[in-house]
Amino acid sequence: MIEIKEKIKKTVEDGLKKEGVKTAKVELKHSADLAHGDFATNAALVYAKKVGKSPRELAIDLVRSVTENQLEEVEKAEVAGAGFINFHLKPKVFALGVTDILEKKERFGKSEHLLDEKVMVEYTDPNIFKPFHIGHLMSNAIGESISRLTEFSGAKVVRMCYPSDTGLHIAKAVWGYKNKLGSVPKDSDSLSEKTAFLGEAYVFGSSAYENSKENKAEIDELNKILYEKSDAEANKIYEKGRTWSLEHFEELYAVLGTKFDEYIFESEVAGRGKEITLEFLKKGVFEESEGAVIFDGEKRGLHKRVFVTSKGLPTYEAKEMGLNTEKFKRHEDLERSIIVTASEQDDYFKVVLSALSEVDEKIGHKTEHISHGMMRFAEGKMSSRKGNVITGEALLKQVKNLVKEKMKERDFSEEKREETAEIIAVGAIKYSILRQAIGGDIVFELEKSVSFEGDSGPYLQYSHTRASSVLAKARAENFQFPISNFQFPEKRNEPNSLERLIIRFPEIVERAASEYAPHHIVTYLTEIAGQFNSWYAKEKIVDKGDPSSPYKIALTYAFAQVMKNGLWLLGIKTPEKM
RNA sequence: GUCCCCGUAGUUUAAUGGAUAGAACGAGAGACUUCUAAUCUCUUGAUCCAGGUUCGAUUCCUGGCGGGGGCACCA
């Protein structure tokens, strides 16, 4: 496809040379509207003035010279609109494209743009003792998809998770654990019960911190004690809660389809972060103010941030120095280090990265922050401090129940039913997170996010399932597999929209990967699923008496493959049956 | 107060400076003796306001208006 694109581009450029434009830079794009052919260029509009012709005149002349060149892949070139030139490709090109998909299979769409680069992606970053809430689900879905897109571009990806296991919120939760009325979970209780208790303890400790001066002082003291590990009872509660939380997170990662390669815990980098801050305090990067060590971002057009408190404790900012240098210590060959968080931390990260660049220019340069919007309800921002959150686990469960309700009439074994419902539920949630550009907020309305009508994860999964089902029928009727040796029907009308679109997949992937924009994949997959479903509705694919049936089967196979590869990039699985 | 982000059908949203602004939900009408109707077909409807740059602006610039987020010892 890329070769064809370059060829067409070159002929247009040659045409422009004849018109007197020496160094023409022609932009050739896929036509957004299939009625405008497969490729389009605005070259005539761009160069009309220079040549002294009207855009349409120039376009007509360019088409003439392109036509003289007789590219074998091009069916026709024509002038349209204000002076656009549209290129329609021959059906044979699409047949070859289908063959290509059939050969490459799960590798179709993969590129070598980032070959041999090592890229780290840090995402999800939950807090122990606190619930895994919907925000973490967002970070996870986005981080995982960016990891996969990067991997698909040839890079070696290190998936990194940075759980918070120290800090004031932990002190609040441990305090809540000690002082809250009600029974502490037993070892035999389920993980959900244990982590639910921790969540309550946190809410309890958090409101105590805000409502009473004595409690606040006590919790601040406990924070220091925990940091120093100087109290056996507190340590014991801490260790227990930590284990419960981490085990619970692992369960969720497994369901969501993430396997982290590495973890760096906040407690591991706190000390180092403080050391770095103090070291660079001497060098003038940081300064002392009111007993604390701060980074004066205001001098750099940002805002001031405290790195080490007047009590001598490193804040999150200082820990960030420890964390990001640790990443490069573990992987000296890291080409890029990406951090995925919510956009409320945008300004915070500008300060942190500015400080990091002054601590280590190379590391600062290679570290990037990308952010996503927040999941919010109609009522406003969620806060785990107040306890009005929907946990990730609760959401998954609700969606899964809805799926099961929908599956009631279908024939499944109990085990398969559970497994399939989970795949569909995860698909529905991830789709609703990834369907739009990642910067914006998602207004979370359970009913809609979870609806399986129209644009949705299940819609994509269902289209794949239908295709699989067609292929199963073809196998049963003894069509030859693999079907790559189909006879391409010589006499054919227009190529259909499906074949024209599925061969664009590699370019979509490239764009999504370079822009960190999984929603391009979503939009594209939704488009081809729609095309497949329409085609499926009016066409009989498996038909012994139809000489073009083998090609239709091949096209179905190619569609299923592209859908599967695309869904994989989104972290969504494809059930065989649903 | 100040800095950052955002403003597209009733709703949720798409559109590397290009063509008739593309979907989905909702509403209305229709389609299963045929490979899974979680589907398909048709109808309905949108770029916050005012300037500017450009052959061309949803996109870039300026100013309003509206919404969200950040701004010292939380993460």
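View 1. Helix α19 spans residues 505–514, and its buried residues are Phe505, Pro506, Ile508, Val509, Ala512 and Ala513. A residue is buried if 20 or more other C-beta atoms, placed from the backbone, lie within 10 Å of its own; helices are DSSP runs (H or I, at least four residues) numbered from the N terminus. Because these residues cover an arc of only 160° around the axis, they lie on the same side of α19; the arc is that of the directions from the helix axis to the C-beta atoms. Their cover includes α5 (134–152), α18 (497–502), α20 (519–538) and α21 (549–570). Tyr516, with a positive phi near 50°, follows α19.

**View 2. Packing of α19 and α20.** The two axes, lines fitted to C-alpha atoms over the stretch in contact, come within 8 Å and cross at roughly 155°. The helices α19 and α20 are therefore roughly antiparallel, a term for angles over 145 degrees between N-to-C directions on a scale from 0 to 180 degrees. Ile508, Arg511 and Ala512 in α19 meet His520, Ile521 and Tyr524 in α20, where contact requires C-beta atoms within 7 Å. The residues of this contact comprise four nonpolar, one polar and one charged.

View 3. Ala, Val, Leu, Ile, Met, Phe, Trp, Tyr, Cys and Pro count as nonpolar, Asp, Glu, Lys and Arg as charged, and the others, Gly among them, as polar.

**Notes.** Residues are numbered from 1 along each chain as its sequence is written, with chains lettered from A and ligands numbered from 1 in the order in which they are written. In this predicted model, local features need pLDDT of at least 70 and side-chain atom pairs count only at pLDDT 80 or more, whereas totals for chains, interfaces and linings use all residues.

Technical notes. Buried ≥ 20, exposed ≤ 12 C-beta atoms within 10 Å, placed from the backbone. Helix = DSSP H or I, 4+ residues; strand = E, 2+ residues; numbered from the N terminus. Contact = placed C-beta atoms within 7 Å. Parallel < 35°, antiparallel > 145°, perpendicular 65-115°, else oblique.
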